[in-house]
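The exercises below ask you to read a protein model step by step. Try each task on your own before you turn to its solution.

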Amino acid sequence: MEGKYDFGLVGLGVMGRNFILNVADNGFSAFGHDLDPEKVKALKEEGGHEASVNASTSIKTFVQALKQPRKIMLLVPAGKIVDSVIESLLTHIDKGDIIIDGGNSFFTDTDRREAYLQGRGINFFGAGVSGGAKGARLGPSIMPGGSKSAYAHIKPIFEAVAAKYNGEPCVAYLGPKSSGNYVKMVHNGIEYGLMQLTSEVYDLLRKAGKFSNAELHDTFTKWNEGRLQSFLIEITSKIFKQKDDLDPGKGDLLDQILDKAKQKGTGKWTSQNAMDLGIPVPSIDIAVSMREISALKAERTAAEQLYDKPEVEVLDKAGLEKMAEEALYFSFIITYAQGLHQLADASKEYDYNLNIATIAKIWRAGCIIRAGLLADISEAFEENPDLPNLLVSPHFVEKVKGSVASARSLVAHAAKNGIPLPGLTNSLTYFDAYTASRLPLNLIQAQRDYFGSHTYERLDQEGIFHTEWE
């Protein structure tokens, strides 16, 4: 068994077990490790033949089973457990071996770990993996960052197991240090935004159009066959027709799910870091805030009794469906634009040297935010790698022009009728502000100079100015 296996994986939960089986399916022998003997047993049983898949609860046995340079991937929860696993490996591995963190670690943790391991001659990668348990088994999108020379050892395996888009693997070396984890973090921030927008349109169609779940299923199915084609629209269409197996008499499962959304932190990290960089991502910010508001279920229920809500004006279904499709398309573009703007700025700030077109390409299949729109996005950045924002791309100007009017109409109708559309509203506000040559922030600068002598600049001449206002 010693030095026999091509690839090692620590953490045999659902994601880890599916990923290692994917590796074996693609012709690479793989050895797993988990402290839980039941998980080790489950992998051995599902793997079928120990020559291609094997596992052990012993870290020493695990390490000795791998070919050098050892390629060891961790699929364990982010945080202290990653450091703990690394320490357990260090007493057994050799210089030149490679450790890959496939979890959602915060990017600064990845930088710290890489520096620590580099001093011991060990290569360290942060590799975001998106696609959920099914993606891990059948082909995820993988976002690796770290040593370019060490990536040559990982590349054949990652390209084999990754999702394919027109035959192209949805994985690419992204850059040094924590670039892979950073790209995955922003991917998840965009995911938060798209999910929030989708939920708002669902709410609007129900309240302002009286759409049944069956009609919503048909509508989203149709949308998924058009320009909104995406994983999230596809699964949403399926959600609407899922019956409640726990209590069949209650009808559709969606109507019995509590309206409190949880989160694991990646959306919040995206929002926080965007503020650190000075990059506006309001569609992502509000998506995080809405999950926090949703957690206040008892307070919301009590507050609802204190205020009157308008009686919702019901709109023509066909007209509302058309406007909703256009508004959702508009706001999807805006959300991608914000996330990619953040990636471009972070690339400069952290010396990642990211290729945005390549990132858009590896998101076209396998990952949660995969969408037909990404083909257009990759084309836009291939044509102009220094594109500051999708909104100024010739590929997107007409798309936005053709859909923004519906966003305006729906935001206005929702505001009048007491239907919260914060994601769509923030997307529209971002668009209007980004495309305005003159904003009222001159007044803010005057206020700052008035109370704090913070100075201001002028339109008519160069320089820094201060006024004694009184």
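**Exercise 1.** How much space lies in the largest pocket? Find also the residues closest to its centre, and describe its lining by element and by class.

*Solution.* Keep in mind throughout that this is a predicted model. Begin with the volume: the largest pocket holds about 1800 Å³ of space. Its lining is made up of 41 residues, and those closest to the centre are S199, Y202, D203, R206 and D259. Next, look at the elements behind this lining: α8 (179–209), α10 (231–239), α12 (282–294) and α13 (297–304) each supply at least two residues. Among the contributors to the lining of the largest pocket, α8 gives the most, with 10 residues.

**Exercise 2.** Which residues lie nearest the centre of the second largest pocket, and which element gives the largest share of its lining?

*Solution.* The second largest pocket contains about 820 Å³ of space. Of the 27 residues that line this pocket, N104, V129, K184, N188 and K264 lie nearest its centre. Two or more residues of this lining come from each of β6 (123–130), α8 and α11 (266–277). The largest share belongs to α8, which provides 6 residues. Helix α8 therefore has to be kept in view for both pockets, because it gives the most to the lining of the largest pocket and the largest share to that of the second largest pocket, where a helix is a DSSP run of at least four residues. A count by class for the second largest pocket gives 11 nonpolar, 11 polar and 5 charged residues.

**Exercise 3.** Where in the chain is the residue P69, and what kind of peptide bond joins Q68 and P69? Examine the backbone of K177 and S453 as well.

*Solution.* Start with P69, which sits in the loop between α3 (59–64) and β4 (71–74). The bond that joins Q68 to P69 is a cis peptide bond, with omega at about -10°. Move on to K177, whose phi is near 50°, a positive value in a residue other than glycine. This residue, K177, belongs to the loop between β9 (168–169) and α8. For S453, phi is likewise near 50° and positive, although the residue is not glycine, and S453 is found in the segment after α20.

**Exercise 4.** Decide for K177, S453, L441 and D376 whether each is buried, partly exposed or exposed.

*Solution.* The cut-offs come first: buried means under 20% relative accessible area, exposed means over 50%, and partly exposed is in between. K177 counts as partly exposed because its relative accessibility is 30%. S453, at 45%, is therefore partly exposed. L441 has 43% relative accessibility, so L441 is partly exposed too. D376, at 26%, counts as partly exposed because of that value.

Two of these residues can now be placed further. L441 is found in helix α20 (residues 441–452), and together with L439 and I444 this residue forms a nonpolar patch on the surface, with about 240 Å² of accessible area for the three together. D376 is found in helix α16 (residues 373–383). The C-alpha atoms of D376 and S88 are separated by 45 Å, while these residues are 288 residues apart along the chain.

Definitions and conventions
Residues numbered from 1 in each chain as written. Predicted model: local features only at pLDDT ≥ 70, side-chain atom pairs only at ≥ 80, totals over all residues. Heavy atoms only, no water. Patch = residues over 30% accessible without salt bridge, like charges linked within 9 Å, V, L, I, M, F, W, Y side chains within 5 Å. Areas by Shrake-Rupley, 256 points an atom, 1.4 Å probe, with all protein chains shown as cover. Salt bridge = Lys/Arg side-chain N within 4 Å of Asp/Glu carboxyl O. Buried < 20%, exposed > 50% of the residue type's maximum accessible area, 1.4 Å probe, protein only. 1 Å grid on protein atoms, 1.4 Å probe; cavity = no way out; pocket = protein on both sides within 12 Å on 5 of 7 lines; lining within 4 Å. Points joined across faces, edges and corners; volume = space filled by probe spheres on them. Nonpolar A, V, L, I, M, F, W, Y, C, P; charged D, E, K, R; others polar.
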